[in-house]
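User: I want to know what stands behind the labels on this structure. Please set each value against its cut-off.

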Amino acid sequence: ADEVIIYEPCLGLKAEMLLENNITLWNKNFTSNLVASPVDFIICRQVIEHLGDPSQMLSDIALCLRPNGTAYLEVPRAEYIFENAAIGDFHFAHVHYFTEQNFVELCRQCGLQLIRSFQLKNGHDTGFLFIRSKVKNTSLTLNRPLSIEFKTKLSERRDECRIEFEGMQGDIAFYGATRN
C-alpha cells in the first residue's frame with residue numbers, strides 16, 4: 001500500500017516500532033472524523049466485540065470507505081461458544097458476542113453490505129468482507145440464540161471443568177478468570 005494508517009489506543013505501540021516508511025501511527029481510537037479522505041481498505045480484527053457501542057464504529061468504518069472500498073472485519077463466533085459450551089471463551093473484556101447472522105445484520109444497519117464470510121480457527125472466529133452500502137438499513141432484527149439447552153450444556157461443561165480441576169495436582173494458574 002502507498003499509505004497505511006494504524007489507529008491503536010494502546011500507548012505501548014510506538015511509531016518507532018513500525019519500520020516501514022508508509023505507516024503512520026495514531027495512538028487514538030478510530031473515528032471517522034480522523035480520516036481526511038475516503039479509503040480503499042479497512043481492517044478491523046478482534047475489536048468490535050470489545051466496544052460498548054459497536055454500531056458507532058461500524059458506521060464510522062462505512063463512512064470512511066470509498067464507494068468501491070472494502071472492509072475486513074473479524075469477530076469471535078458466538079455459535080462456536082454455543083455449540084461447544086466453550087466456557088473458556090467467555091471474556092470479561094468481550095462486551096458483545098455476535099452470531100454470524102446478528103453481526104451481518106448490525107453491519108447492514110450501519111451501512112455495510114456483505115460480500116463474503118470466512119470461518120477461521122476451526123469455526124472459532126469469523127472474518128467478513130464488506131463494501132459500503134448505498135443505503136443504510138434502519139430495520140434491525142437480531143436472533144437471540146440463548147436457550148435452555150445451551151444453559152444446560154454450559155452448566156454441564158462447568159461441572160466437567162470443576163471435576164477436572166479438582167483432580168489436578170500442584171499449582172494452577174488461570175488467565176482471564178473473573179469472580180462470580
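User: Which residues does Ala 71 touch, not counting residues up to four places away in sequence?

Analyst: Ala 71 touches Ile 42, Ile 61, Leu 65, Phe 128, Leu 129 and Phe 130. Contact means heavy atoms within 4.5 Å. As for the source, this is a predicted model: local features need pLDDT of at least 70, side-chain atom pairs count only at pLDDT 80 or more, and totals for chains, interfaces and linings use all residues. Residues are numbered from 1 along each chain as its sequence is written, and side-chain values use heavy atoms, with hydrogens and water left out.

User: Why is Ala 71 called buried?

Analyst: Its relative accessible area is 0%. Buried means under 20%, exposed over 50%, and partly exposed in between (1.4 Å probe, protein chains only). So Ala 71 counts as buried. The residue is found in strand 4. Strands are DSSP runs of E, at least two residues, and helices are runs of H or I, at least four, both numbered from the N terminus.

User: What makes Arg 66 and Asp 40 a salt bridge?

Analyst: The rule asks for a side-chain nitrogen of Lys or Arg within 4 Å of a carboxyl oxygen of Asp or Glu. Here the N to O distance is 2.8 Å. Therefore the pair qualifies. Arg 66 lies in strand 4 (residues 65-76) and Asp 40 in strand 3 (residues 39-45), so the bridge ties together parts 26 residues apart in sequence. Arg 66 is partly exposed at 38% relative accessibility, whereas Asp 40 is exposed at 51%.

User: How many salt bridges does this rule give?

Analyst: The count comes to seven. One of them joins the side chains of Glu 74 and Arg 45 at 3.1 Å, N to O. That pair links distant parts of the chain, with Glu 74 in strand 4 and Arg 45 in strand 3, 29 residues apart. Glu 74 is buried at 5% relative accessibility. There is also a network of salt bridges that links Arg 77, Glu 79, Glu 83 and Glu 100.

User: Why are Arg 108 and Glu 105 separated by about one helical turn?

Analyst: They sit three residues apart in helix 3 (residues 100-109), and that spacing is about one turn. Arg 108 is partly exposed at 33% relative accessibility. Glu 105 is buried at 17%.

User: What makes strand 3 and strand 5 edge strands?

Analyst: Four strands form an open sheet in the order 3-4-6-5, with mixed pairing. Strand 3 and strand 5 (112-120) each pair on one side only. Two strands pair if DSSP finds at least two bridges between them.

User: How do you know that strand 4 and strand 6 pair?

Analyst: They share seven bridges, in the antiparallel sense. The rule needs at least two, so strand 4 and strand 6 (residues 125-132) pair. Tyr 72 stands opposite Leu 129 in strand 6.

User: Why do Phe 165, Met 168 and Ile 172 form a nonpolar patch?

Analyst: Patch residues have over 30% relative accessible area and no salt bridge; nonpolar side chains (Val, Leu, Ile, Met, Phe, Trp, Tyr) are joined within 5 Å, like charges within 9 Å. Met 168 has 36% relative accessibility, so this residue passes the area cut-off. Together the three have about 230 Å² of accessible area, by the Shrake-Rupley method with a 1.4 Å probe, where only the protein chains shown count as cover for residues. Met 168 lies in the segment after helix 4 (148-166).
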